[in-house]
Amino acid sequence: MSLALNNIGHLVTNDPSIGNGPLGIINNAGLVADDEGKIIWCGPQDQIDQYTEAQPIDCYGCAIIPGFVDSHTHIVFAGDRATEFEARMEGIPYEAGGIQSTMMATRAASDELLSLNAQHLAYEALCSGTTTLEVKSGYGLSVRDEERSMRVARSITSETTFLGAHLCPTDVKQDDYVDLVVGEMLTACLPYAKWIDVFCDRGAFSAEQSREILNAGAKAGLGTRIHASQLGPSGAIKMGVELGVASCDHCTHITDLDIEALASASDTTVATLLPAAELCTRGPFPDGRHMIEQGVTVALATDCNPGSSYTTSMPFVMSLGVILMGMTPDQALWSSTQGGAQALRRTDVGNLCAGSRADLVVLDAPSHIHLAYRPGVNQTRAVVRGGKCVVGAL
Ligand code: NIG
Ligand code: FE
């Protein structure tokens with residue numbers, strides 16, 4: 001079944017060649033997709049008859065944006081860390097070590113429970129408009145448990161990331177663990193992985209270890225990404241740029257030199273900002289607007305995980321980007337869609353250009369500005385993925 005929509009009051013295409021401004025906005029627009037779920041045409045609604053024989057669906061003047069691309073999540077886990085969150089809100093600082101308690105709950109969970117938990121979170125994300133989702137392993141931390149985490153991730157998305165190097169379990173020596181990650185664990189996880197990631201930070205892995213792990217993943221054919229400078233300033237961002245990773249994520253404690261390095265590599269390496277992690281760990285917010293003005297390509301993502309950021313909502317993350325990271329609503333929308341796609345090196349999602357996937361969100365709002373303007377309010381009327389309405393109704 002093909003899809004034809006008209007009377008779209010405000011259509012964000014992310015294609016400046018077909019609409020106004022950097023977001024390529026078309027007012028009073030139409031959109032047509034083919035029966036394979038690919039966009040054939042977007043443009044002024046009075047031209048729609050040239051592109052479809054079907055009776056178009058009336059959108060009654062509401063706004064449509066590309067589906068969100070959440071390029072950083074850790075949704076394969078069991079248990080929760082509400083008690084740790086409560087203690088943090090009373091003043092205990094966030095540390096990488098909390099990962100260990102989720103590791104224990106994850107190891108104790110059945111395959112079925114792990115899978116159900118991840119599916120539930122992926123569905124929650126879809127309901128708020130996320131049509132492309134990256135999912136990492138990283139709470140198994142043994143060959144068996146990383147492999148089954150990756151299997152669960154792969155059952156949910158093609159954007160799967162092996163994060164065996166999330167933390168070294170306390171009963172294993174750090175050097176032995178790195179050997180395991182680049183050896184047996186990588187081999188076991190490889191069939192399910194597209195990416196490899198490493199948590200390069202205080203209390204996790206050193207720059208030297210991270211380099212070894214990313215190089216091993218790249219040699220095995222995986223794309224690379226890095227958790228960099230979340231807990232303190234480090235050389236991780238510069239190293240990520242040097243290694244040509246697709247994305248340096250967090251960048252909480254980014255320096256001017258890091259910004260220069262990222263700006264010089266803006267076609268290759270994206271800076272993925274995770275403002276919900278800053279919010280929930282009471283960390284400092286990096287200045288997203290300044291980074292963009294300096295030429296850095298910025299993505300926004302949820303970082304959904306039970307420790308530092310237990311949210312699946314990209315609209316909420318967008319509003320944090322605007323209100324607490326200095327970004328304009330246009331910048332935050334771009335970073336949550338096209339920026340995320342670039343962080344995953346995808347061109348077929350994150351925009352509504354002809355040839356891209358018909359992944360879109362119909363908003364109960366007149367424009368994308370309302371997403372930041374009304375923080376925490378559900379304004380999703382419908383979600384379309386691959387040309388089919390999967391949430392709500394058109
Ligand atoms: O991205 N930084 C490392 N990993 C997660 C948090 C993991 C946890 O606390 O469980 C993050 O914030
Ligand atoms: Fe993360």
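1. Strand β7 (residues 130–136) is mostly covered, with seven of its seven residues buried. A residue is buried if 20 or more other C-beta atoms lie within 10 Å of its own, exposed if 12 or fewer, and partly exposed in between; these C-beta atoms are placed from the backbone. Helices (H or I, at least four residues) and strands (E, at least two) are DSSP runs, numbered from the N terminus.

2. A word on the model and its numbering. This is a predicted model: local features need pLDDT of at least 70, side-chain atom pairs count only at pLDDT 80 or more, and totals for chains, interfaces and linings use all residues. Residues are numbered from 1 along each chain as its sequence is written, while chains are lettered from A and ligands numbered from 1 in the order in which they are written.

3. Next, the sheet. It is open and has eight strands, in the order β6-β7-β8-β9-β10-β11-β12-β13, with parallel pairing. Two strands pair if DSSP finds at least two bridges between them. β6 (68–70) and β13 (298–300) stand at the edges, each with a single partner strand, so one side of each has no neighbour in the sheet. On average, neighbouring strands are turned by 25 degrees against each other, direction ignored. Axes here are lines fitted to C-alpha atoms, for helices over the stretch in contact, and angles run from 0 to 180 degrees between N-to-C directions.

4. Who pairs with whom around β7? Three bridges join β6 to β7, and the two run parallel. Phe-68 has Thr-130 of β7 as its bridge partner. Val-69 stands opposite Thr-132 in β7. β7 and β8 also pair in the parallel sense, over three bridges. There, Glu-134 stands opposite Glu-159 in β8.

5. Strand β10 (residues 223–228) deserves a look too. Five of its six residues are buried, so the strand is mostly covered. Four bridges join β10 to strand β9 (residues 195–200), and these strands run parallel. Phe-199 has His-227 in β10 as its bridge partner.

6. Helix α4 (residues 143–156) touches β7 and β8 (159–165), and its direction makes about 165 degrees with that of β8. Two residues are in contact if their C-beta atoms, placed from the backbone, lie within 7 Å. Helix α11 (residues 314–325) lies across β6, β7, β12 (270–273) and β13, running at about 130 degrees to β13.

7. Which residues are closest to ligand 1? They are Ile-99, Phe-199, Asn-305, Gly-307 and Ser-308, out of 14 residues that surround the ligand. A residue is near a molecule or strand if its C-beta atom, placed from the backbone, lies within 6 Å of it. The shell divides into four nonpolar, nine polar and one charged. Ala, Val, Leu, Ile, Met, Phe, Trp, Tyr, Cys and Pro count as nonpolar, Asp, Glu, Lys and Arg as charged, and the others, Gly among them, as polar.

8. The chain is assigned domain 1 (3–66 + 350–392) and domain 2 (69–343). Such bounds come from an automatic or database domain assignment. The C-alpha centres of the two domains lie 30 Å apart. In all, 22 residues of domain 1 are in contact with 22 residues of domain 2. On the domain 1 side, β5 (63–66), α13 (369–373), β15 (380–385) and β16 (388–392) each supply at least two of the touching residues. By class, that side has 13 nonpolar, seven polar and two charged residues.

9. Pro-375 sits in the loop between α13 and β15. Is Pro-375 buried, exposed or partly exposed? It is partly exposed, because 14 other C-beta atoms lie within 10 Å. Pro-375 and Met-318 are 57 residues apart in sequence and 8.7 Å apart in space, C-alpha to C-alpha. Leaving aside neighbours within four places in sequence, Pro-375 is in contact with Phe-316, Ser-319 and Ile-323.

10. Finally, two backbone details to check. Ser-229 is not a glycine, yet it has a positive phi of about 55 degrees. Ser-229 is in the loop between β10 and α7 (236–243). It is buried, because 26 other C-beta atoms lie within 10 Å. Arg-282 also has a positive phi of about 55 degrees although it is not a glycine. Its place is in the loop between α9 (275–281) and α10 (288–293). Arg-282 counts as exposed, because it has 11 C-beta neighbours inside 10 Å.
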